[in-house]
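Q: Can you walk me through this structure? I'd like to start with the rings and then move to the ligand.

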Amino acid sequence: MSPTKPYDELLKDAFDPESFRRDGHKVVDVLADFLADSTPGKRPRVLAYEDPEDMLASWADRFGAVPAAPFPELLPEILARSNDLLHPRFIGHQCTPSLPLAALGGFAGEFLNNGSAIYEMGPVNVAMERQIVRWMSGLVGWGPDADGIFTNGGTIGNLTALLAARQATAGDDVWGKGVGSEAPVAVLVPETCHYSVKRAVAVMGLGEVAAVPVTSDARFHTRPECLERAFDEAIRQGRRPVALVANACSTATGSFDDLEAFAAFAQTRGLWLHVDGAHGAAALLSPKYRHLVRGLDKADSFIWDAHKNMLMPALATAVLFRDGGRSYEAFSAKASYLFERSAREEWYNYAHRTMECTKTMIGLRLFISLAAYGTDFFGGYVTAVYDLARDFAALIRDSGDFETVVEPESNIVCFRYLKKGEADLDGLQRRIRRTLLERGNFYVVQAELLGRAWLRCTLINPRTTLADLEALLAEIRAVA
Ligand SMILES: Cc1ncc(COP(=O)(O)O)c(C=O)c1O
């Protein structure tokens, strides 16, 4: 690239169809090769961990006033230094490899850039999202009254649902008059809930103290028999409980709460039941495992992250409401430059119902994937990764020198190495995890549970096999 080119010429380059075609083909070729090589045989390392300061420094002075590097030239370095989620041994957080086709859909969506705040900004995507919401609602067993929207992630999704819950149940005009105008309210939450739930309560101006914890049992299920106690505790604090949150499933151990029991309690107490199904709602897709979310149909709202167990690139969260009318209650903003009419039930103008205004074409990626592979493919995927977690737990049980914290219910497995003669087993797990990170042959994370340190895997990658997990145990023994 010439550093001396004038703006007019650079502009021509930037929108030149032939340069775009050339670069596009090059990029897809490089990514396809990367995908082919994402195997332990071809590329052992799943990440090349670097000190954050070194990483930062290495990207300094790489762009300036004039062109520095075309994208295809940067791409190999970006790939080499990024985490390889496509690799079967990348099994840490609940981050899925992107279904390659969905990544192509994202590419097309970003190319079109139809921000979908309102229908006329992104008509195709708005309709696609509506059809996905209908399909998901149907899976739960909900009828035509159900409705929902897509948001950028489960964190925003939980906040959106809890805002609607408060607006629907508190009986005051919190939106118009502010938090101080209402009697203090409380939300009962599993003590093991994802931090975004408590954060939502705090962001809503209620204070984290208004998220009243409900205790769990030794298998990390929130105990229905403790709901009453949490309810009374809220009253004792001078707060009126308005909502109840259940895990489906919990983040750390992947444990599913008894949704039937939660729904029964919510009904007798007049509470809004919100289910955090960010990770586990996808169990609905699996005939073998959908029993884990029995009772979900009785929830008032739930979230479902397609960027967790549906192979979608981040982010793609569906926020679903049994009574779709409730989905309009969270936000009551007037913006005459966007919304033509004041009629609120304009399903196609999503900005009425989310924090966000302009959004990417979130649904497009999922819609084209459902269309190309069929819904059964995704059911097969959920069944396979949940099965693999059970096989891994059996492997651990039979090993004699590892243990799991609990039998996995979803595809999350927490385990630890019981090295003979080791006095500090907690310290050992932390050292193992650090060394694994530095070696880069596997990516696993860690969790503190029952006052002890554990290694934690999410078997979210459909290319991971039991042989990879046998190799993981061998690597752990070696580094320990
Ligand atoms: C149960 C649960 N809820 C919510 C979230 C937050 O989702 P996101 O990272 O998409 O904001 C997570 C993330 O791990 C989760 O596990």
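What follows is a short chat about aromatic pairs, charges over rings and the ligand.

Q: What should I know before I start?
A: This is a predicted model, where local features need pLDDT of at least 70 and side-chain atom pairs count only at pLDDT 80 or more, while totals for chains, interfaces and linings use all residues. Residues are numbered from 1 along each chain as its sequence is written, and side-chain values use heavy atoms, with hydrogens and water left out.

Q: How many aromatic pairs does the structure hold?
A: There are 15 aromatic pairs. Rings of Phe, Tyr and Trp (its six-membered ring) pair if their centres lie within 6.5 Å; planes under 30 degrees apart count as stacked, over 60 as edge-to-face and the rest as tilted.

Q: Why is the pair of F231 and F265 called what it is?
A: Their planes stand at 80 degrees, with the ring centres 6.1 Å apart, so the pair is edge-to-face. F231 is in helix α10 (residues 227–236) and F265 in helix α11 (residues 259–269), 34 residues apart. Helices (H or I, at least four residues) and strands (E, at least two) are DSSP runs, numbered from the N terminus.

Q: What about Y289 and Y386?
A: That pair is tilted, at 5.2 Å centre to centre and 50 degrees between the planes. Y289 lies in the loop between β5 (272–276) and β6 (301–305) and Y386 in helix α14 (residues 375–399), so the pair ties together parts 97 residues apart in sequence. Both Y289 and Y386 are buried.

Q: New topic. Which ring does the charged end of R43 sit over?
A: The ring of F34, at 4.0 Å from its centre. A charge counts as over a ring if NZ of Lys or CZ of Arg is within 6 Å of the ring centre and within 35 degrees of the ring normal.

Q: And R416?
A: The charged end of R416 sits over the ring of W454, 5.0 Å from its centre.

Q: Now the ligand. How many residues surround it?
A: 15 residues do, and the closest are G154, T155, T251, D276 and H307.

How values were computed
Buried < 20%, exposed > 50% of the residue type's maximum accessible area, 1.4 Å probe, protein only. Near = heavy atom within 4 Å.
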